[in-house]
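Visitor: I would like to go through the salt bridges of this model. Please show it first.

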Amino acid sequence: MIALYVALRMGLTNPFWAVISAYIVAQPKAGAVASKASFRLIGTLTGAVMAVFLVPPLAQSREPLALAIALWLGLCVFLATIDKTPRSYLFVMAGVTTCVIAFPSTSEPTAVFDIAVARVEEITLGILSATVVHAVLWPSLATKSLMDKVDQALTQTAQWTADALHASGSANLIVDRRKLAVAINEIHGLMTQVRYEGSLSPARRKLFNVLLTQLEILLPLSVSVDELINETRHEMLLSEDSVQLLKDICSWFVAKDSNQTLNAAQLQQRCADQEPSLSAGMNSSEMMQLCLFSRLSELIAAMQKCRELHHAVQDEAESWDRLLLKAYPKHAARSVERDYFSALVIAGSAGVTLFLACLLWIASGWTGGTNAVLMAGVFYVVYSGFDDPAHALKNKFIGVIVRMGLGIIYVAAVLPSIDGFPLLAAALAPVFILSGVLLTAPRYSPLAFNLIVGLSSPVILSDQFTADFVGYVNNGLATLSGIMFALVSMTIVQPIWLQTVGQRLMRAIWSDIAEHRYVYPEWRSKTTHRIALLANKAVRVDGVSLRQPSDALRDYGAGQLLAELTKRNGSHMPTPNSFLIANEISKFYRRLLAGDHRRPPESLRHDIDKALEATIRISDVTQKRTLVIKLASLRCNLFPSSRAANKASS
């Protein structure tokens, strides 16, 4: 209402833009408001400049103008699709704003600058109004949400780690681990919002980033431990002392700090005591035990670091030791998966859809076709980022019909009987307040926003109401036409990128391993992001499943072990078989890329066994222990026992 009142008092041309912007920018957290407001404002300015640049020289020939706008829209969609951060909204707004300004200016090109200025003014007014209310009058900081999310991620991680160690295990471990990858993505998103709030010092933000790095380390470690436990249980290798140690570790993971009777150092020492001694006659069973208790010790250490960092970032007085940062790996910028194929398909189809809509509009001579073309482009851009764009557009079509019915009631019965801003605000309040509440519920937010837009029509929100019933209906029909055009195009094109997105994510993981691109920490960060994206994707080709999505975690573990062997130790494996192993693993993943999904060849197992035999004879005990652990873990990862593999995949 602040945005609407100021827009009317200033005599702005389209006050409804200010109202819609206020609702779009409105978010539950102040940081999210500031973040979205910044990106919306920059995107609006960029789109307005592009519209002013394109329209005057091309207005005399609509086809070249349509082509230029379509190419610009495609570029904006491409950049928005490959950018996996909140910044992608900037590119969406740049494309939308150009359409909103350029198409209404085609009949009067000399007015394009005035329309662009009005658009920027009204968008800015809506942004400022929302920012003042959310960030100044009633601030709700994202910092608390960030703290809660980290606490939840740590609690859940501790629980499913304990489940993995428990004798009965858990059928949901794979799902839980993918949830951790999703949680890490969400925490990164919250970090973006927190930066706009300024509620965390730079050193404290750095601690959060280091904590996220430690959470990423937990994921492959836990997978490795689970594989080794399945293997040792299958081979009946665990003694009574080992079983009791696993129970104590379970208790340590799920216990609160104040209830811990054992500390991490004690458990790590007990793990070391359970490790068999390194000797020339060491058999595969003893190697598995060595791997298990070594990995358990690493997992305990990683979890302890997470808890220390979590305690540090919760200290509001910042009394924690700043030197704590020196005890952890240096934080590196996060790497994310960028699906260029999907981005190119979506961008190309967006540009083609808009251009074809323009050609049909020009050929038909439909006076009101400007709005239809405009909406076709806008809806394609906005909904292309959804998991199921076509389904979302169908719901949008129904929502527009509902909002038209509501708007007709206001135009025909409510607004003609009121006069003045107070009565207008009172008349809008029932729908606007209820819709504002529903916006916070994902299930109802599309309908709620439809109702807001329906009552923010230029026929309803203007300095002087005119009961233009026909104009309101025509605008609604143009919107429905634009949605239908975008829906038809999206229905045709959507399967090209959506049905194979899971396969491309899996293939990206395989390709990195095949080409030895598993360099930490970049690969770890990117693969965690891929697993999060895979959480709800089916990996299928022509209706036939490839390797299960859960195998992404196993592939992740294989890449981690190869990285540790070839990068972390400062030297390669000390036997001629090292090159054979690396080449065989690379060939195996190239086979997967080629569509051959058979298990790794037995020759690879023999090469690893020979490397282990050679490693046992090394005189340097530290190097020998490290290499045995890595090689035996790699063998367990690539060649799990059938019973253990079945349990893990279930």
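Visitor: How many salt bridges does a search of the whole structure find?
Guide: Keep in mind that this is a predicted model. The whole structure was searched, and the number of salt bridges found is 14.

Visitor: Is aspartate 83 buried or exposed?
Guide: Aspartate 83 pairs with arginine 87, with the closest N and O atoms 2.7 Å apart. The relative accessible area of aspartate 83 is 8%. The limit for buried is under 20%, so aspartate 83 is buried.

Visitor: How does arginine 87 count at 39% relative accessibility?
Guide: Buried needs under 20%, exposed over 50%. Arginine 87 has 39%, so it counts as partly exposed.

Visitor: Which residue forms a salt bridge with arginine 590?
Guide: The closest N and O atoms of this pair are 3.6 Å apart. The pair links distant parts of the chain, 75 residues apart. Arginine 590 sits in helix H22, and its partner lies in the loop between helix H19 and helix H20. That partner is glutamate 515.

Visitor: What is the relative accessibility of glutamate 515?
Guide: Arginine 590 is partly exposed, at 39%. Glutamate 515 also counts as partly exposed, and its value is 38%.

Visitor: How far apart are the closest N and O atoms of arginine 591 and aspartate 596?
Guide: Arginine 591 is partly exposed at 21%. Aspartate 596 is partly exposed at 22%. The two form a salt bridge, and the closest N and O atoms lie apart by 3.5 Å.

Visitor: Which residues are linked with Asp512 in a network of salt bridges?
Guide: Here the salt bridges form a network. Linked with Asp512 are Arg517 and Arg530.

Terms used
Residues are numbered from 1 along each chain as its sequence is written. This is a predicted model: local features need pLDDT of at least 70, side-chain atom pairs count only at pLDDT 80 or more; totals for chains, interfaces and linings use all residues. Side-chain values use heavy atoms; hydrogens and water are left out. A salt bridge is a side-chain nitrogen of Lys or Arg within 4 Å of a carboxyl oxygen of Asp or Glu. Buried means under 20% relative accessible area, exposed over 50%, partly exposed in between (1.4 Å probe, protein chains only). Helices (H or I, at least four residues) and strands (E, at least two) are DSSP runs, numbered from the N terminus.
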